[in-house]
Amino acid sequence: MKQILDAILAGDSAAVGALDVPDHYRGITVHADEADMFEGLDAKEKDPRKSLHLDDVPTPELGPGEALVAVMASAINYNTVWTSIFEPVSTFSFLKRYGKLSPLTARHDLPYHVVGSDLAGVVLRTGPGVNAWKPGDEVVAHCLSVELESPDGHNDTMMDSEQRIWGFETNFGGLAEIALVKSNQLMPKPAHLTWEEAASPGLVNSTAYRQLVSPNGANMKQGDVVLIWGASGGLGSYATQFALNGGAIPVCVVSSPEKAEICRAMGAELIIDRSAEGYKFWKDESTQDQKEWKRFGARIRELTGGDDPDIVFEHPGRETFGASVYVARRGGTIVTCASTSGFMHEYDNRYLWMNLKRIIGSHFANYREAWEANRLIAKGMVHPTVSRVYPLEETAQAAYDVHRNLHQGKVGVLTLAPTEGLGVRDPELRAKHQEAIDRFRNR
């Protein structure tokens, strides 16, 4: 592993293919025999620092259409939090189901799960049938793992019956020194970014692109008013950038003055600090407060000059969904994913059906959508939102920060990279966008 890292740091990526692949590597894991460790606790009380381990694990066998990647950096997503607290189910149920698909996928059904759904790194080896990538290529990976043996996926791969999220529903994820991916997960690393910056957009950037921009999502157009929950967070920070770049009008919902300031730095003008304004959409565990929906809708109209949102970019879920359905304009769209505050949504259907609104479910992105989202990063039109970076040894603390919403934007993790700031190949483009790249740093 040291020889591989030395070659990468020396800029001699071509030499990587001639080096031996280690038979083991370090990765962040959860253990199957600990899946019940938080039983009886509320989700907020479950601590990723107790369940995430840094282990030496065997390097998996490389199959057809696959690649092994030396991972220089990765990032924390909310699915890593879910994995670490074994909610809504233990991910070992995903691995067991995947392992039954074929002799090759049986590799994934193990008593440990190497997690992580982002990476930036260098290709070490490619399996039979891989022609587009070679050892030494600097890459990032999106997290769609799909078999594509069913006709259902050939119009939109997200519709494939065997579609999974790599590092969450498959093993050998990106929070590790080596990762196993399908070759059609790979995309070129943006040359002006460091390893940790390049690793951070993958899942959330692609998810926001499909959810907001793609015809498979809300199909945003110029002039649309877009309500964005958590607008300075992992997903929301990219939705805000897409709205601004696409000529839409973002209304950014945040929970602190510091988060409001980040949205202003991105160029947003219409901001609601829900904590300062005291919105409480639930009277108690089972009763929503429609007066608060109305107060929230009135505040949006006050900011927009009387317009309701054409699109609501939804991902908190249970806590906000009733309000989201209510405030969307007649004929508007609520596009939803993730549900980080709870999966069981409740809303008043009168406001949906009688006002001809639509709810669209959106889940990650297909390869084309992920490629387009990454292309915008590579061109400097959308920027990474890394606020803080941890070493691999402190991944559990990084996941804890995301679980407790102690972060802004994305939290990065250095895997093989020894320090931050490495991997920049286009310093001129970087200099042009340095201020925007650093926008979330140390917040």
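These legends describe close-up views of a predicted model.

**View 1. Helix α6, residues 202–213.** Helix α6 has twelve residues. At 1.5 Å a residue, they should span 16 Å. The end C-alpha atoms are 16 Å apart, which agrees. Eleven of the twelve residues are buried, so α6 is largely enclosed by the rest of the structure. The buried residues include Gly202, Leu203, Val204 and Asn205. Ser206, Tyr209, Arg210 and Leu212 are also among them.

**View 2. A salt bridge between Arg210 and Glu369.** The two side chains meet at 3.0 Å, N to O. Arg210 lies in helix α6 and Glu369 in helix α12 (residues 367–378), so the pair ties together parts that are 159 residues apart in sequence. Both partners are buried: Arg210 and Glu369. The structure holds 30 salt bridges.

**View 3. The surroundings of Ala365.** Ala365 sits in the loop between β18 (358–361) and α12. Its relative accessible area is 0%, so Ala365 is buried. Leaving aside neighbours within four places in sequence, Ala365 is in contact with Leu144, Met158, Ser206, Arg210 and Ala370. Asn216 is 149 residues from Ala365 along the chain. The C-alpha atoms of Ala365 and Asn216 are separated by 9.0 Å.

**View 4. A salt bridge between Arg301 and Asp308.** The side chains of Arg301 and Asp308 meet at 2.8 Å, N to O. Buried means under 20% relative accessible area, and exposed means over 50%. Arg301 is at 34%, so it counts as partly exposed. Asp308 has a relative accessible area of 24%, so it is partly exposed too.

**View 5. A salt bridge between Glu346 and Arg318.** Here the side chains meet at 3.3 Å, N to O. The pair links distant parts of the chain, 28 residues apart. Glu346 is in the loop between β17 (333–336) and α11 (349–353). Arg318 is in the loop between β16 (311–314) and α10 (321–327). Glu346 is partly exposed, with a relative accessible area of 35%. Arg318, at 16% relative accessibility, counts as buried.

**View 6. A salt-bridge network.** Salt bridges that share partners join five residues into one network: Glu196, Glu197, Glu420, Arg430 and Arg441.

Key. Residues are numbered from 1 along each chain as its sequence is written. This is a predicted model: local features need pLDDT of at least 70, side-chain atom pairs count only at pLDDT 80 or more; totals for chains, interfaces and linings use all residues. Side-chain values use heavy atoms; hydrogens and water are left out. Helices (H or I, at least four residues) and strands (E, at least two) are DSSP runs, numbered from the N terminus. The expected span of a helix is 1.5 Å times one less than its number of residues. Buried means under 20% relative accessible area, exposed over 50%, partly exposed in between (1.4 Å probe, protein chains only). A salt bridge is a side-chain nitrogen of Lys or Arg within 4 Å of a carboxyl oxygen of Asp or Glu. Contact means heavy atoms within 4.5 Å.
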